[in-house]
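User: I would like to go through the labels used for this structure and see what each one rests on. Please set the value against the definition each time.

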Amino acid sequence: MTVKISITPSGHSYDADPAQTVLQSALDAGFILPYGCRNGACGTCKGRILSGDFDLGDFQDKALTAEDRARGYALFCCAKPRTDLTIECREVGSLRDIPIRTLPCRVQKIERPAEDVSILYLKLPANERLQFLPGQYIDFLLKDGRRRSFSLANAPHDDEFLQLHIRHVPGGQFTDHVFGAMKERDILRLEGPLGSFYLREDEKSGKKPILLLAGGTGFAPIKAIVEHARHHRMERPMTLYWGARDRTGLYLDDLAQEWTKTIPGFKYVSVVSDNPSEDKWQGRIGLVHQAVMADLPDLSQHQVYACGAPGMIDAARRDFVGHCHLPDSEFFADSFTFAADSQPA
Ligand SMILES: Cc1cc2nc3c(=O)[nH]c(=O)nc-3n(C[C@H](O)[C@H](O)[C@H](O)COP(=O)(O)OP(=O)(O)OC[C@H]3O[C@@H](n4cnc5c(N)ncnc54)[C@H](O)[C@@H]3O)c2cc1C
Ligand code: FES
């Protein structure tokens, strides 16, 4: 049995298997709805269901509050249709022609720019390239069926190796392996590209100045965006705010400093939240999104790309929209939620 899902305002519709989520059947039918974690944690896929019966599925309360539910909202990565549905959501046009693929890859090189950060360089099989947009991520497919998401740090033009920046989560199934037994030439399996976090280059974005907000390894997709913009000589001014607990968390600070010299209109502000006396940090201290608000109280003309821990993303969206006049539709984010607790073994 299939049911019909109609999307408003686009007027598109597709047949869906009730066993699949609204998001999955939309993606299978070639319609890209906004999404991030696909796991009920980040809230990016939230939209209203205007008519029909559905199961909300398993999700985290902070991603879909009781108030959201009362107003008819659901998370499309979790909700499954029981009958025909009409849903309200903005489709993401530019991803339509990019296929999502499952590929093996070889670990070519592992770098350790900080004690708890590894940079992996992955090589795809000969003659294979992964087409993607700057900012998107891949999932590693683990042997037990679990997945782990990591953002691509290389720009699409620079695709000899896929680059990932991985923070060690002590006790974490995958990152313990990366920081322990993983060695060069190991083979992994990945699926990608994924996510609707990518640099908007459409007419509507025009010449809007870009604010880039990174927390820790949230620098990875921001690096892909900056290197893409540089390669294509994009003229929009860019300002990067990179926050970390301490200076070692700014593990590619030299690279960001270099961008200020080589990319016209590029500014960089680094912010640490803890400042031990032995650190001799001369720069900004505090929460990175609050540093943005102090410097740029009016974000009404900006477009924001934010990536990092869920707490930072939620606070930035709330405060930039609530206090700095940023239109909600100009805030793009990937929230580094974690999957362990809600995935099947
Ligand atoms: C779209 C997306 C892109 C991502 N990109 C990156 C990236 O580029 N770089 C990166 O370093 N991370 C990234 N992440 C986060 C990363 O996927 C998770 O941290 C992942 O769960 C770690 O896998 P693991 O197997 O080591 O830990 P798990 O086995 O998943 O977790 C072990 C335990 O640690 C907790 N935990 C896991 N991750 C975190 C965390 N980040 N913070 C706090 N507690 C945690 C879990 O609750 C669990 O109890 C991304 C996440 C998403 C959704
Ligand atoms: S909550 Fe659905 S994509 Fe993150």
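User: Is Pro310 buried or exposed, and what makes it so?

Analyst: This is a predicted model, in which local features need pLDDT of at least 70 and side-chain atom pairs count only at pLDDT 80 or more, while totals for chains, interfaces and linings use all residues. Residues are numbered from 1 along each chain as its sequence is written, chains are lettered from A and ligands numbered from 1 in the order in which they are written, and side-chain values use heavy atoms, with hydrogens and water left out. Buried means under 20% relative accessible area, exposed over 50%, and partly exposed in between (1.4 Å probe, protein chains only). Pro310 has a relative accessible area of 17%, so Pro310 is buried.

User: Where is Pro310, and what does Pro310 touch?

Analyst: Pro310 is found in helix α7. Helices (H or I, at least four residues) and strands (E, at least two) are DSSP runs, numbered from the N terminus. Contact means heavy atoms within 4.5 Å. Leaving aside residues up to four places away in sequence, Pro310 touches Ser335, Phe336 and Thr337. Pro310 and Phe336 are 26 residues apart in sequence, and their C-alpha atoms are 5.9 Å apart in space.

User: What makes α6 roughly parallel to α7?

Analyst: The axes of α6 (residues 288-295) and α7 (residues 310-323) come within 9 Å and cross at roughly 20°. Angles under 35 degrees count as roughly parallel, over 145 as roughly antiparallel, 65 to 115 as roughly perpendicular and the rest as oblique. The angle of roughly 20° therefore makes α6 roughly parallel to α7. The axes are lines fitted to C-alpha atoms, for helices over the stretch in contact, and angles run from 0 to 180 degrees between N-to-C directions.

User: Which hand does the crossing of α6 and α7 have, and which residues make the contact?

Analyst: The crossing is right-handed. A crossing is left-handed if the near helix is turned anticlockwise from the far one by less than a right angle, and right-handed if clockwise. From α6, the contact involves Val288, His289, Val292 and Met293; from α7, Met312, Ala315, Ala316, Asp319, Phe320 and His323. By class, the contact of α6 with α7 has 7 nonpolar, 2 polar and 1 charged residues. Here Ala, Val, Leu, Ile, Met, Phe, Trp, Tyr, Cys and Pro count as nonpolar, Asp, Glu, Lys and Arg as charged, and the others, Gly among them, as polar.

User: Which residues of α6 are buried, and what do they pack against?

Analyst: Val288, His289, Ala291, Val292 and Met293 are the buried residues of α6. They pack against β14 (210-215), β15 (238-244), β16 (266-272), β17 (284-285) and α7.

User: Why are α4 and α5 called roughly parallel, and which hand does their crossing have?

Analyst: The axes of α4 (residues 219-231) and α5 (residues 253-262) come within 12 Å and cross at roughly 20°. α4 and α5 are therefore roughly parallel to each other. The crossing is left-handed. Phe219, Lys223, Val226, Glu227 and Arg230 of α4 meet Leu255, Glu258, Trp259 and Thr262 of α5. That contact has 4 nonpolar, 1 polar and 4 charged residues.

User: How do you know that Arg38 and Asp139 meet in a salt bridge?

Analyst: A salt bridge is a side-chain nitrogen of Lys or Arg within 4 Å of a carboxyl oxygen of Asp or Glu. For Arg38 and Asp139 the distance is 3.3 Å, N to O. The pair links distant parts of the chain, 101 residues apart: Arg38 is in the loop between α1 (22-28) and β3 (46-51), and Asp139 is in strand β10 (residues 137-141). Arg38 is partly exposed at 23% relative accessibility, whereas Asp139 is buried at 3%.

User: What makes Arg38, Asp139, Arg147 and Glu191 a network?

Analyst: These residues are linked by salt bridges. Glu191 in strand β13 (residues 187-194) and Arg147 in strand β11 (residues 147-151) are 44 residues apart. Arg147 has a relative accessible area of 25% and so is partly exposed, while Glu191, at 13%, counts as buried. A search of the whole structure finds 20 salt bridges.
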